[in-house]
Amino acid sequence: MQRNKKILLLSHCLLNVNSKVNKIANYGGCLEELMVPLIQKGYGFIQLPCPELLSCGIKRWGQVKEQLDTPYFRKHCEKLLEPIIQQLIDYSNSGYKISACIGVDNSPSCGVNTTCKSSKWEGEIDSSFSLEETLNSLNIVNEKGVFMEVFKSLLDKNAINLDFYAINESNPNTSVKNILKEL
Ligand code: SF4
């Protein structure tokens, strides 16, 4: 039986952009420029669950890391990741290679190198609400998103080493090229 035994983990929306917050998708279905070469290189894929879709649904607003950085959302991420960790242990024990995880930079959940933060992103949108002030308060910082932080901590607890890469959605072509050079 022919199989390569090499597996990549991918953030959910790289294979299904429909899971993203409405209006921020910049490809039609899956990120073809990344996926076609990876398929040709012989990888199999595990699609990570989308933690935001599975908590707030497809009609959610865009959020920042501070809004998701709660004990409840972290527990939600842990529950979603538990069966993933079990699969990684099973595959590793049976001689399969888990090559890497590819996340999505700037996401408050799936950012690997960068995530988005704001101290003003909260509350009711009423007559006192300033859209400009709120948007201006947004910062991209060098931290993981909450889901990736929880994932890394579960990997460490289980002594699983994994390389992390990320698609930077503000410049997907460059990040795709860099990832394909490494994998
Ligand atoms: S980046 Fe993560 S949380 Fe955001 S849509 Fe993609 S999978 Fe869902």
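1. **Basis.** This is a predicted model: local features need pLDDT of at least 70, side-chain atom pairs count only at pLDDT 80 or more, and totals for chains, interfaces and linings use all residues. Residues are numbered from 1 along each chain as its sequence is written, and side-chain values use heavy atoms, with hydrogens and water left out.

2. **Elements.** The protein has 8 helices and 6 strands. Both are DSSP runs numbered from the N terminus: helices are H or I, at least four residues, and strands are E, at least two. The order from the N terminus is β-α-α-β-α-α-α-β-β-α-β-α-β-α.

3. **Overall dimensions.** The C-alpha trace spans about 65 × 35 × 25 Å along its principal axes. Of the 183 residues, 43% are buried (under 20% relative accessible area; exposed is over 50%, partly exposed in between, with a 1.4 Å probe and protein chains only). Take the contacts between residues at least 6 apart in sequence: 74% of them join residues at least 24 apart. Contact means heavy atoms within 4.5 Å.

4. **Helix 5 with helix 7.** Helix 5 (residues 71–93) packs on helix 7 (residues 146–157) at about 45°, with the axes 9 Å apart. Axes are lines fitted to C-alpha atoms, for helices over the stretch in contact, and angles run from 0 to 180 degrees between N-to-C directions. The two helices are therefore oblique to each other. Angles under 35 degrees count as roughly parallel, over 145 as roughly antiparallel, 65 to 115 as roughly perpendicular and the rest as oblique.

5. **What meets there.** Ala, Val, Leu, Ile, Met, Phe, Trp, Tyr, Cys and Pro count as nonpolar, Asp, Glu, Lys and Arg as charged, and the others, Gly among them, as polar.

6. **Helix 2 with helix 8.** Helix 2 (residues 32–40) and helix 8 pack at about 15°, with axes 10 Å apart. That makes helix 2 roughly parallel to helix 8. Glu33, Leu34, Pro37 and Leu38 in helix 2 meet Val176, Ile179 and Leu180 in helix 8. The contact has 6 nonpolar, no polar and 1 charged residues.

7. **Ile179.** Ile179 sits in helix 8 (residues 172–182). Ile179 is buried, at 2% relative accessible area. Beyond its neighbours within four places in sequence, Ile179 contacts Leu34, Ile102, Tyr165, Ala166 and Ile167.
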